[in-house]
Structure formats: C-alpha cells, structure tokens
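Here is a short report for a reader new to this structure. Take a look at the chain before reading on.

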Amino acid sequence: ISGSGNMAAESYGFFDGNTSGFPFASGVLLTTGTALSAIGPNTFILSEGIVNWPGDADLEQALQINNSINATILEFDFTPLTNQFSFDYIFSSEQYLSNPSANQCNFTDGLVFLLKKENTSDPYTNLAVVPNTSIPVKSNTIRGSGTICTAANEQYFDAFNSDQHPTNYNGQTVILKAQSNVDAGETYHIKIVIADQGNNLFDSALFLGAGSFNSTTNIG
C-alpha cells in the first residue's frame with residue numbers, strides 16, 4: 001500500500017463505523033488527503049493533498065484522463081479457489097458540492113479496481129464501473145440531481161451530505177460492487193487506486209467494506 005507522507009498524515013487506514021450509521025461497520029479507507037480527516041462531521045472542505053504527491057498512470061489509462069495527482073494505491077496478489085470474486089465499496093468525494101460553480105462540474109476524481117493475471121502481458125481490466133455498464137466510476141459519472149452539474153446514474157448516488165454526516169465528505173455513492181469471473185487456482189494481481197484529477201483540491205475517498213472480499217462458485 002502506498003500513499004502520502006508520515007505517521008500523522010497517512011492517506012490510508014482502518015475505519016470503524018461504531019454507532020455512526022455509516023453503511024459499513026468497518027473496513028479499509030484510501031484517500032487523496034489525510035485519512036484521519038475523513039471522520040465526520042462534514043463541517044469543512046478537505047483539500048489536503050500536497051502538490052508534489054504524484055498520481056498514477058494505470059488509473060489515468062483506465063479512466064481516460066490525465067493530470068491525476070494525490071494517488072493512494074493498495075495492491076496485492078491472490079489465488080482464488082473459486083471462479084468469481086467481489087469487493088464492496090463506497091466512493092465519497094468533496095467534489096459532490098450541493099452548490100458548485102459550473103467549472104467544478106468537469107473535475108473527474110475517480111478510482112479503479114484493476115485486475116490481471118500475474119506474470120502475464122495481459123492488460124488490466126477495471127472492475128470499478130457503473131453497474132451493468134463499462135462506464136468507470138468517477139465524480140461525474142455517478143452524481144445526484146438538484147445542482148448545476150448534470151446528474152448521472154443517480155440511482156447509484158446516495159446523497160449530498162449535511163454537516164451531521166459520519167464522514168467529512170460532501171457526498172457519496174451507494175454501496176457498489178467490483179466483481180469479476182476468474183480462473184480458480186490461477187494467481188491474479190489487483191491494484192486499487194484513488195486519485196484527484198486536475199489539481200490537489202477537493203479530496204475523495206474510497207471505503208472498502210471489511211469482509212467483503214468474497215470468492216464464490218457459480219453453480220448456475
């Protein structure tokens with residue numbers, strides 16, 4: 001896992017929902033800012049990433065964007081014993097402003113779940129897509145209505161948050177699932193990345209639900 005800086009300002013960590021009402025009881029948090037600042041209430045804008053913290057080329061290729069910055073990356077190898085696997089996640093962002101200016105609608109903070117077989121020349125496949133489409137999950141591909149910004153796939157948008165939300169982000173998606181068919185017994189590499197786009201302002205976060213990395217068998 002890689003991200004920002006020092007012990008006091010790490011961009012990743014473990015979270016516990018406690019009694020906050022957050023949809024996940026616990027899990028892993030990856031941010032484009034400081035993980036500790038993700039704790040609610042939602043009382044100020046998080047723009048904590050530094051300008052010399054780089055982005056990620058694999059994310060840029062998958063999302064068809066450039067100028068990514070403040071990337072936090074979790075990657076590992078795994079060998080499934082079954083032929084399907086999945087992760088549950090929530091994408092949160094300060095880009096979900098309830099009263100944005102027109103130019104703020106064009107920023108595309110996003111995330112990727114990149115999967116490929118280990119030790120092959122196969123390209124990555126991005127599993128973080130809008131359900132039943134090939135559209136990557138970004139702050140402008142899942143967005144609620146009611147602002148100057150165009151709504152998109154709003155059935156997968158949860159809410160614009162009040163100042164009493166359990167997190168310090170302006171909005172988030174519903175629980176989404178990254179999933180894929182795999183070949184049992186083969187080793188795969190997965191790379192999970194979240195990054196800002198364009199500049200280091202208006203942080204975003206990825207919440208991974210604990211215990212949701214599931215491997216299943218399709219028996220028809």
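## The cores

Which residues have the most contacts inside the largest nonpolar core? In this predicted model, they are Tyr89, Leu111, Phe113, Ile192 and Leu206. The core has 27 residues. Another core lies apart, with 11 residues, including Phe24 and Phe207.

Leu111 shows how the contacts run. Leaving out residues up to four places away in sequence, Leu111 touches Leu59, Leu63, Tyr89, Phe91, Ala128, Val137, Val193, Ile194 and Leu206. In soluble globular proteins, nonpolar side chains tend to be buried together.

Four strands form an open sheet in the order 3-10-5-6. The pairing is antiparallel. Strand 3 and strand 6 (125-126) are the edges. Each has a single partner strand, so one side of each has no neighbour in the sheet.

Nine bridges join strand 3 to strand 10. Within strand 10, Ile194 is the bridge partner of Thr72.

## A buried threonine

Where is Thr82? Thr82 sits in the loop between strand 3 (68-78) and strand 4 (84-93). Is Thr82 buried or exposed? Its relative accessible area is 15%, under the 20% cut-off, so Thr82 counts as buried.

The side chain of Thr82 reaches the backbone oxygen of Gln84 at 3.4 Å. Thr82 and Thr72 are 10 residues apart in sequence. In space, their C-alpha atoms are 29 Å apart.

Methods:
Residues are numbered from 1 along each chain as its sequence is written. This is a predicted model: local features need pLDDT of at least 70, side-chain atom pairs count only at pLDDT 80 or more; totals for chains, interfaces and linings use all residues. Side-chain values use heavy atoms; hydrogens and water are left out. Helices (H or I, at least four residues) and strands (E, at least two) are DSSP runs, numbered from the N terminus. Buried means under 20% relative accessible area, exposed over 50%, partly exposed in between (1.4 Å probe, protein chains only). A polar contact is a pair of N or O atoms within 3.5 Å; within protein, one must be able to donate a hydrogen and the other to accept it, and residues adjacent in sequence count only if both atoms are side-chain atoms. A nonpolar core is a set of buried Ala, Val, Leu, Ile, Met, Phe, Trp, Tyr and Cys residues joined through side-chain atoms within 4.5 Å. Contact means heavy atoms within 4.5 Å. Two strands pair if DSSP finds at least two bridges between them.
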